[in-house]
Amino acid sequence: ENGYLEAGEKAPLATSLIKILNCNGYASSFYYGSESSFDKMDIFLHKQGAKVLADEFMFPANYHKLPLSVNGFSWGYGDMELFKRYFELFPTVKSPRLDIILTVANHDPFLIPDQDKYINLVKSRMQTLELKEKTKDFLSSYMKELSCVMYSDNALRYFFNEYAKKESFKNTIFIITGDHRMSEIPIGSQIDRFHVPLFIYSPMLNRPADFKSVVSHFDITPSLLKLLRSNYHIQYPS
């Protein structure tokens, strides 16, 4: 009635990408800028065999949280801070890895460092897109939300520039997606709430491709497992 994670320790056993890869010699880690206990994620991760290496209570004093809202709320540490912490903790083990990084900046109250700078980036971007006046007027009502997108985009640029310096970069598959879109921006239908980016990137890709078919997060794990089984002979239950 309340969702799988709400059952906490009483949740029935499950097989996830984490557990299957761990059984094949992978080390799985989770990095988060907020509280890992949110939605009881920490319980699920522990039961699956992933270590929480960064959450809101594991950042050194020289890191700064996202700005506070008028009622004193902050999700925790922004995308850029989280990525910097990730590279500080970057594993030196040679075993294969599954690293899960969950960012929070694209959430209400949509407050980020240097917000005016990113709002100006949004305006500049809008000028280059040759948008209709009606669309410009619509987007202009959501400058805070869109500035967070630009902030996350910049953080991802930093992430890939830094990761490209690592030895493991050439052997890594990166998956970038979101759990849901910004519900604060009006949607045309309920299915729009689940329209999110899904990028699969790797230096090992021979060519880029766009897929127009309907897919969901449920397709990610079986696709990865099929690839790993065909090329690297990992084992998983029938």
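Author: In this predicted model, the accessible surface of the chain comes to about 15500 Å², of which carbon and sulfur atoms hold 56%.

Reader: What share of the 238 residues in the chain is buried?

Author: Buried residues, those under 20% relative accessible area, make up 33% of the 238 residues.

Reader: Which elements does the chain have, and in what order do they run?

Author: The chain has seven helices and five strands, and from the N terminus on these run α-β-α-β-α-β-α-α-α-β-β-α.

Reader: Where do residues other than glycine have a positive phi, and are they buried or exposed?

Author: One of them is F110, with phi near 55°, in the loop between β3 and α4; F110 has a relative accessible area of 2%, under the 20% cut-off, and so counts as buried. Another is H233, with phi near 60°, in the segment after α7 (220–232); because its relative accessibility of 59% is over 50%, H233 counts as exposed.

Reader: Which residues does a cis peptide bond join?

Author: The cis bond joins D108 and P109, with omega about 20°, and P109 is found in the loop between β3 (97–102) and α4 (115–128).

Definitions and conventions. Residues numbered from 1 in each chain as written. Predicted model: local features only at pLDDT ≥ 70, side-chain atom pairs only at ≥ 80, totals over all residues. Heavy atoms only, no water. Helix = DSSP H or I, 4+ residues; strand = E, 2+ residues; numbered from the N terminus. Buried < 20%, exposed > 50% of the residue type's maximum accessible area, 1.4 Å probe, protein only. Areas by Shrake-Rupley, 256 points an atom, 1.4 Å probe, with all protein chains shown as cover.
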